[in-house]
Amino acid sequence: MEESISLRRVAVQSMDASNQQETIRKSVLEESANLSRRQSMLELDKVNWTHERDALGSRVEALEAKMKSLQMQQGSVENAFLEDASEVVRQGWLLEQEQASLEAEREALRREGHADVGAGADEQRGHQST
């Protein structure tokens, strides 16, 4: 009888060990499946991040190209402005030269005895301004 009880204990312990082994095997399989899902999700995230990084890189390149274009346009505008300003200065200088020449001519005419030349011009300017 003692042997029978001993055999039963061994059988129960064996069943308990089998149950524990099956529980452990199921846990390992479940954890392995979870890890596989996580790895797949991480790989998908990696692909998505790679695409996003590439898209951002393309946007950065496009913005850099646009900035370079705008800088070139700005340089063109600045050059055109400087050319226009130079032309205005040149025209002003030419007008000053012409005015000085006219003043010299007027002075020469006055010295030659045409005193009314200066007065007539001044009088005519006075009528135009009123």
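Biologist: How many residues does helix 1 have, and what does it reach from its first C-alpha to its last?

Modeller: Helices (H or I, at least four residues) and strands (E, at least two) are DSSP runs, numbered from the N terminus. The expected span of a helix is 1.5 Å times one less than its number of residues. In this predicted model, helix 1 covers residues 2–111, which is 110 residues, and reaches 158 Å from its first C-alpha to its last, close to the expected 164 Å. The chain has two helices and zero strands. Just after helix 1, G113 takes a positive phi of about 110°.

Biologist: What percentage of the residues of the chain count as buried?

Modeller: Buried means under 20% relative accessible area, exposed over 50%, and partly exposed in between (1.4 Å probe, protein chains only). Of the 130 residues of the chain, 2% count as buried. Accessible areas come from the Shrake-Rupley method with a 1.4 Å probe, and for residues only the protein chains shown count as cover. The accessible surface of the chain comes to about 12,000 Å², and 57% of that belongs to carbon and sulfur atoms.

Biologist: How many salt bridges does a search of the whole structure find?

Modeller: A salt bridge is a side-chain nitrogen of Lys or Arg within 4 Å of a carboxyl oxygen of Asp or Glu. The search finds four salt bridges. One of them joins the side chains of E22 and R25, at 2.6 Å from N to O. Both residues lie in helix 1, three residues apart, about one turn of the helix.

Biologist: Are E22 and R25 buried or partly exposed?

Modeller: E22 is partly exposed at 30% relative accessible area, and R25 is partly exposed at 44%.

Biologist: Which residue forms a salt bridge with D54?

Modeller: R53 does, with the closest N and O atoms 3.4 Å apart. D54 is partly exposed at 39% relative accessibility, whereas R53 is exposed at 54%.

How values were computed:
Residues are numbered from 1 along each chain as its sequence is written. This is a predicted model: local features need pLDDT of at least 70, side-chain atom pairs count only at pLDDT 80 or more; totals for chains, interfaces and linings use all residues. Side-chain values use heavy atoms; hydrogens and water are left out.
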